[in-house]
Amino acid sequence: MATTYQPTTTEAAAEEPVNYLNVEHGWKSWLFTTDHKRIALLYLFSITLMFITGGAFAILVRLHLTQPQGLFSPETYNRLFTMHGVVMIFFFLVPSIPATLGNFLLPIMIGAKDLAFPRINLLSWYLYMGGALFAIFAVARGGVDTGWTFYAPYSTTYSNSYVLTAAMGAFFAGFSSITTGLNFIVTVHKMRAPGMNWMRMPLMVWANYATGLIQILGTPVVAIALVLVGIERVMHVGIFDPNVGGDPILFQHIFWFYSHPAVYIMILPGMGVISEVIACFSRKRPFGYEFIAASSMGIAILGFLVWGHHMFVTGQSVYTGIVFSFLTFFVAVPSAVKVFNWTATMYKGSVTFESPMLYAFAFIGLFTIGGLTGLYLSTMATDVALHGTYFVVAHFHFVMVGGMVVAFLAGLHFWWPKICGRMYSEPWAKFAALLIFAGFNLTFLPQFVLGYLGMPRRYAAYPPEFQVLNVLSTAGASILGIAFFIPMIYLTYAWFYGPKVGPNPWQAKGLEWTIQSPPTTFNFDQTPTVTEEAYNYGPREENYVA
Amino acid sequence: MDADTLGMWTFLITEVLFFGGMFAAYAVYREMFPLAFAATSEFMNVKIGAANTAVLICSSLTMAMAVRSAQISKTSHLIRYLFGTLFFGTIFLVVKAFEYHAKYVEHLIPGPNFHPDNLAPQFMHNAQILFFLYFCMTGMHAVHMIVGVGLLTFLIIMAYRNAYNEHYFAPVEMIGLYWHFVDIVWIFLFPLLYLIGHWHW
Amino acid sequence: MSSNASANSHVHIPKVGTLIAVFVTLIVLTFVTAEVATFDLGELNVIVALGIACTKATLVAWIFMGVRYTSQLTKLFCVAGLVFLSILLLITFSDYSTRHWTYHARPWATNPSLGTSK
Amino acid sequence: MWASSYRFLAEIPFVAPIASKEAGQIDLLWWFLNAVSLVMTVVIFAGVIGFAFKYRKKPGVDPVPVHGSNVLEITWSIIPFLVMLIMFWWGAQLFYTSQNPPKEAEEIFVVGKQWMWKLQYPDGNRGMNELNVPVGKAVKLTMASEDVIHSFSIPALRVRHDVVPGHYDALWFRATVPGKYRIFCTEYCGDRHSQMIGYLNVRNQDDYNNWASGGSTGTLAEQGQALFTQNGCSTCHLLNEQGRCPILKGLYNKPVLLNDGRTVIADDAYLRESILQPNAKIVSGFEANIMPNFQGQLSEENVIQLIAYIKSLASTAPPSQTGTNPPAGTGVPPAIRKPKTILKEQAPIAAVRAPQQ
């Protein structure tokens, strides 16, 4: 039909083998794609935008806090920290690794052509974008000021901001998350290649499977909590209203039933990435593979039993609180097991220090601190002292940024040559890793001290004695903010101009490294038969850059 | 079992927990205000509720028969049973609408216009909570029913096009699972909302 | 949904008689549960009502939804859903039923040491 | 006082002030946690750095496959868990104590409202955002919220409790170091959340007496009595004879039989509800719909004053009342408060301070 000769396409095809990126062109080929790899890239693009948005709010928050009285009005500040939380939690952290790296790699890692439901996968992205539009709309109209937790009755009755719009956004993002989780679970059960039994699955797949379980079991509960808040806000009547005998603490129960396991949605996939990276750059099978896999499942299940540790001081029953505290220590064990196993993986290995490995080191260090400070908050007496202070802020940023975001970067650096077939600048990557590590610690270590001294979170103004530590924290945040832009720049540059690499630049094991980079649309020319587990590592043979 | 069915079951687990949030709220408030709940449930029309339960069970039977017909390639039976399911589902929704209307007339909608007659004054205060839960739970159930009616319509159209036979009936099976699940939700809603207090024929 | 499902030659086709029997049982149980509620059995009322509801739900799931004929995996998924639902219900409930054991956290409440005696 | 502690803080910024024995106990646990964390961090960091260095890629040295070790896995699961059990037990014990105020604790009422803390003392003194307590005496705060959830926290005492609307919440402490300490609201409550702050003044006994003798308009109970008359309560709730409404004398903390057959204890929560929503629980033998709803009419502070008044009537024996019919032998000891030895001694002198609301 096309009568004109199109040299570019043909020539490009001549010099580059067909892959999922060049097989089709035009915006339609992206917006209507059902290829899990293209959807992963759509997600990557979207969550990067949301990360920049949320990061901008974070920088403004930190700027505000350089002065004890603040730079902006309290109303503005409250909207800033709320939008930072809403955007980062619901639109960056929850979808981050599962929807991008997980989406891209999970089918390949188990030897499948795609996820079980490719069209639902696309629907998931559209739901996410719908939610993101609601969130952006809420920001544009003047923001929301309830905190990302939407606690009743402030959110239902007292707030004069766009609670409903933001809650709708979170609701849609939640369903996007559910559909991703559902897809992963069914894919892992039904789409594994011949020979890929459960004990041969890469730990990344285990982690994303466990994440999927939390997504489908937890997310609907927060969805209904947000619906109830929405109804109560619109109709001025509801079940959290103390004036008709309602109990605001009930909202916290159904909110945290999801939102505590949600932190495992955010961290588990990161743990999967780290398991892969450490194995590859130690040239060894992960120490105690079975225990790492089992601990992912353990975290996913035990994570549902501990939500009440967010509510020790709310007037929750003392006895229920004690049980929650006890169970919380149980869930600390599998996390500790993982850290020990990663460390032991390097034992008698052949360790090299490429940038993904540097990020993995940063992850272990920061996650260790994040995890240990979690113990302060699950111990009831110290939680009473530290609850609602900057100690909590620092703790979850250590886990979420120091853990999740760093793991995300480790994964991006590890699989970037697979995703785009080109290599980024290693010196820049190392520099960025060090800068992020330094900036991060400078930002959040002072906040532990602030919390111990009693500075409450979500304060637009604070007593002058806290200023020095706050200024330190802001200084760190500015370094961190700049540091996060560096990978965005050199990774984008590598996408277009980086040196081309072969299918397996790291000489890593696993099915994703057996296929071409970038992969073809259906990943495998013929369905692979798996005869060994994913980590049959030996010594590295030659220099890795193709 | 194929991926589609497993996906549907996974989705239904999600639905269980979606309703679960409201059931948790129900349990808590029923524990807190047992007598108010009992007194308030007298405003529910048990006969209509029971009849509607029966209607929904009928629709479940026809749905099960529809799936069976598809599995043995009897398209004409399939269409007939799907229409039956659609019919019973619609009946249920219409009855529900009349019930809602009755609640409106009796001023039982929570909010400023909440003035039930004949409710003992000590229960006036907390009664709104039960009605709020009633409207949320049955409302959410009705939304699921409406979606189900839409899906049934889709199935009927496809069945007219001879889309389903013993080799391919997954959509019928999956929508069947959904429909039965919605039925199960109602099976719990009926005693929990209508039968808290005591009533007489 | 992906619609490239293939026919499973091992699919179990339920007997019409079974379906009708389940249907009749469900209708009868609906009548029974409504009838039982006309008697005041105290605490027993809610137990009976929930017991009957659970029986009915199990019947629908077991036969109509075909859990009986499906794989272990489906059964596991069903059980998992119920387990997590009960975690939500039981732990939330445990908060409210033990809150008044200590003095101060009582919402509105009636006194614990006496309970709500009838 | 504040300035000097500020300078102190500036010099040693890593130690927060400790103003009670209990705070010291919590800090001991805090330092225990710090020690454990430090050990764990050192172990893990040493492991990571040590292995990374020792087993870095060297020419001619190949990685040795190591499968794993069940013994190790079990060891490093069990040992941390045992250590964590210590944390749990220690923390839970301290927490449990912190939730059970001693009997002799002096009760001060706190009402949280966007964005202020309103304080009421039993002797009738009132205050805003500045809590005065005598050194060495146990103090119990009974807290209510008029709008959203607040959280009352005093970092120097390591105490904190949310103030949830619809509940009476409580916390208690025994401050042992005189001084001025920060009070924060630590549950986000709206625009001026960060201005919902105040001070705790821990005063020496003399100092405290001095302060307390300034300008009270009668004790809390007397203020309640005035409200009782103003709002017309006294026309139906007659003191010594049966009116249309139950007699309140001797009612506090006694069992009350309701018209639906339940028996409840007339505690703070019951009284609060019966004032705001009189129809919620009808005393056996009385009619509903006689007393008007006071929800929205009375502030939480007013309710506290009224309850204090009803409490003050507790010590007198109740005249026989047809309505109330406490079942015999329910075994609930009447928790009648001892006379307020600390707070009763001041003469009500006209106000110098007393910021009235």
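Two residues are in contact if their C-beta atoms, placed from the backbone, lie within 7 Å. By that criterion, residues 24 or more positions apart account for 36% of the contacts in chain C with a separation of 6 or more. The model is predicted.

**Chain C**
- The secondary structure of chain C consists of three helices and zero strands, and its pattern along the sequence is α-α-α.
- Of the 118 residues in chain C, 31% are buried.

**Sheet in chain D**
- Five strands of chain D form an open sheet in the order 3-2-1-5-8, with mixed pairing.
- Strand 3 (126-128) and strand 8 (169-174) of chain D each have a single partner strand and stand at the edges, so one side of each is left without a neighbour in the sheet.
- From one strand to the next, the twist averages 25°.
- Strand 2 (residues 116-120) and strand 3 of chain D run antiparallel and are joined by three bridges.
- K118(D) stands opposite M128(D), a residue in strand 3 of chain D.

**Largest nonpolar core**
- The largest nonpolar core has 407 residues, and F363(A), A410(A) and L133(B) are those with the most contacts inside it.
- Helix 10 (residues 248-282) of chain A supplies the largest share of this core, 23 residues.
- Apart from its neighbours within four places in sequence, A410(A) is in contact with V273(A), I274(A), V277(A), P356(A), Y359(A), A360(A) and F363(A).
- In soluble globular proteins, nonpolar side chains tend to be buried together.

**F83(B)**
- F83(B) is found in helix 4 (residues 75-105) of chain B.
- F83(B) has 15 other C-beta atoms within 10 Å and is therefore partly exposed, since a residue is buried with 20 or more and exposed with 12 or fewer.
- A distance of 8.7 Å separates the C-alpha atoms of F83(B) and T62(B), which are 21 residues apart along the chain.

How values were computed. Residues numbered from 1 in each chain as written. Chains lettered and ligands numbered in written order. Predicted model: local features only at pLDDT ≥ 70, side-chain atom pairs only at ≥ 80, totals over all residues. Core = buried A, V, L, I, M, F, W, Y, C linked by C-beta atoms within 7 Å. Helix = DSSP H or I, 4+ residues; strand = E, 2+ residues; numbered from the N terminus. Pairing = 2+ DSSP bridges. Axes fitted to C-alpha atoms, helices over the stretch in contact; angles between N-to-C directions.
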